[in-house]
Amino acid sequence: MTTSTVAMTKQFDVFGHELDLDQLADIAKHGMAGGVSGFIYSSELADIFDSNEDEIWNYLDEHAFDLGEKSGIQMVISSIERSGSEFETMQQVKEQAVWMAVELFAYQLCTRNNHPDFV
């Protein structure tokens with residue numbers, strides 16, 4: 001039981017924000033749209049994207065094929081379109097790319113670290 005508690009309190013750096021495994025599990029289960037501190041405002045998301053653009057696209061590209069898309073950018077645009085929104089601005093792409101990368105990363109960390117909800 002102690003090992004589990006320690007594992008849950010371990011902090012993971014996610015684009016400059018420290019999140020514990022339980023926070024990551026919430027993200028993996030419910031997504032980012034519900035609001036995650038540090039990833040809410042357009043200006044925050046643009047800054048995260050601009051500071052980590054290559055890492056975000058590389059990460060999304062790695063997972064795109066497994067999720068039925070040809071590339072990370074295509075995956076992001078498809079996600080925007082599936083939500084009922086029309087692709088209108090680069091800001092939309094930045095926001096969605098950050099959210100998708102964080103959601104995928106959260107799921108990956110939960111499975112790799114044996115979070116009870118993902119075992």
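Colleague: At what angle do H4 and H5 pack, and how far apart are their axes?

Modeller: In this predicted model, the relation between H4 and H5 is roughly perpendicular, a label that covers angles of 65 to 115 degrees. The packing angle is about 105°, and the axes of H4 and H5 are 9 Å apart.

Colleague: Which residues of H5 are met by H4, and how do the residues of this contact divide by class?

Modeller: On the H4 side the contact is formed by Ile-73, Met-75, Val-76, Ser-79 and Ile-80, and on the H5 side by Gln-92, Val-93, Gln-96, Ala-97, Met-100 and Leu-104. Divided by class, the residues of the contact of H4 with H5 are 8 nonpolar, 3 polar and no charged.

Colleague: How do H3 and H4 cross, and which residues of H3 make the contact?

Modeller: The axes of H3 and H4 come within 7 Å of one another and cross at roughly 80°, which makes H3 roughly perpendicular to H4. From H4 the contact draws on Gly-72, Ile-73, Met-75 and Val-76, and from H3 on Trp-57, Leu-60, Asp-61 and Ala-64.

Colleague: How many nonpolar, polar and charged residues does the contact of H3 with H4 have?

Modeller: The residues concerned include Trp-57 and Asp-61 of H3 and Gly-72 of H4. Sorted by class, the contact of H3 with H4 has 6 nonpolar, 1 polar and 1 charged residues.

Colleague: Which residues of H4 are buried, and what covers them?

Modeller: The buried residues of H4 are Gly-72, Met-75, Val-76, Ile-77, Ser-78, Ser-79 and Ile-80, where buried requires under 20% relative accessible area. What covers these buried residues of H4 includes H3 and H5.

Colleague: Is Trp-57 buried or exposed, and which residues does Trp-57 touch?

Modeller: Trp-57 lies in helix H3, and its relative accessible area is 14%; because buried means under 20%, Trp-57 counts as buried. Leaving aside residues up to four places away in sequence, Trp-57 touches Phe-49, Gly-72, Ile-73, Val-76, Val-93 and Ala-97.

Colleague: Which residues have the most contacts inside the largest nonpolar core, and which element gives the largest share of this core?

Modeller: In soluble globular proteins, nonpolar side chains tend to be buried together. Here the largest nonpolar core has 33 residues, and those with the most contacts inside it are Leu-24, Phe-39 and Leu-60. At least two residues of this core are supplied by each of strand S1 (11-14), helix H2 (21-30), helix H3 (42-64), helix H4 (72-82) and helix H5 (90-112). The largest share, 10 residues, comes from H5.

Colleague: Which residues does Leu-24 touch, not counting residues up to four places away in sequence?

Modeller: Leu-24 is one of the residues with the most contacts inside the largest nonpolar core. With residues up to four places away in sequence not counted, Leu-24 touches Phe-12, Val-14, Leu-19, Ala-106, Leu-109 and Cys-110.

Colleague: What span does H5 reach from its first C-alpha to its last, and what is expected?

Modeller: H5 has 23 residues, and the expected value is set at 1.5 Å a residue. From its first C-alpha to its last, H5 reaches 33 Å, close to the expected 33 Å.

Colleague: Is Lys-94 buried or exposed, and which residues does Lys-94 touch?

Modeller: Lys-94 lies in helix H5 and, since its relative accessibility is 17%, counts as buried. Beyond residues up to four places away in sequence, Lys-94 touches Ala-46, Phe-49 and Asp-50.

Colleague: What phi does Phe-15 have, and is Phe-15 buried or exposed?

Modeller: Most residues other than glycine have a negative phi. Phe-15, in the loop between S1 and strand S2 (17-20), has a positive phi of about 50° although it is not a glycine. At 18% relative accessibility, Phe-15 counts as buried.

Colleague: What phi does Asn-114 have, and is Asn-114 buried or exposed?

Modeller: Asn-114 is found in the segment after H5 and, although not a glycine, has a positive phi of about 55°. Its relative accessible area is 53%, so Asn-114 is exposed.

Technical notes
Residues are numbered from 1 along each chain as its sequence is written. This is a predicted model: local features need pLDDT of at least 70, side-chain atom pairs count only at pLDDT 80 or more; totals for chains, interfaces and linings use all residues. Side-chain values use heavy atoms; hydrogens and water are left out. A nonpolar core is a set of buried Ala, Val, Leu, Ile, Met, Phe, Trp, Tyr and Cys residues joined through side-chain atoms within 4.5 Å. Buried means under 20% relative accessible area, exposed over 50%, partly exposed in between (1.4 Å probe, protein chains only). Helices (H or I, at least four residues) and strands (E, at least two) are DSSP runs, numbered from the N terminus. Contact means heavy atoms within 4.5 Å. The expected span of a helix is 1.5 Å times one less than its number of residues. Axes are lines fitted to C-alpha atoms, for helices over the stretch in contact, and angles run from 0 to 180 degrees between N-to-C directions. Angles under 35 degrees count as roughly parallel, over 145 as roughly antiparallel, 65 to 115 as roughly perpendicular and the rest as oblique. Ala, Val, Leu, Ile, Met, Phe, Trp, Tyr, Cys and Pro count as nonpolar, Asp, Glu, Lys and Arg as charged, and the others, Gly among them, as polar.
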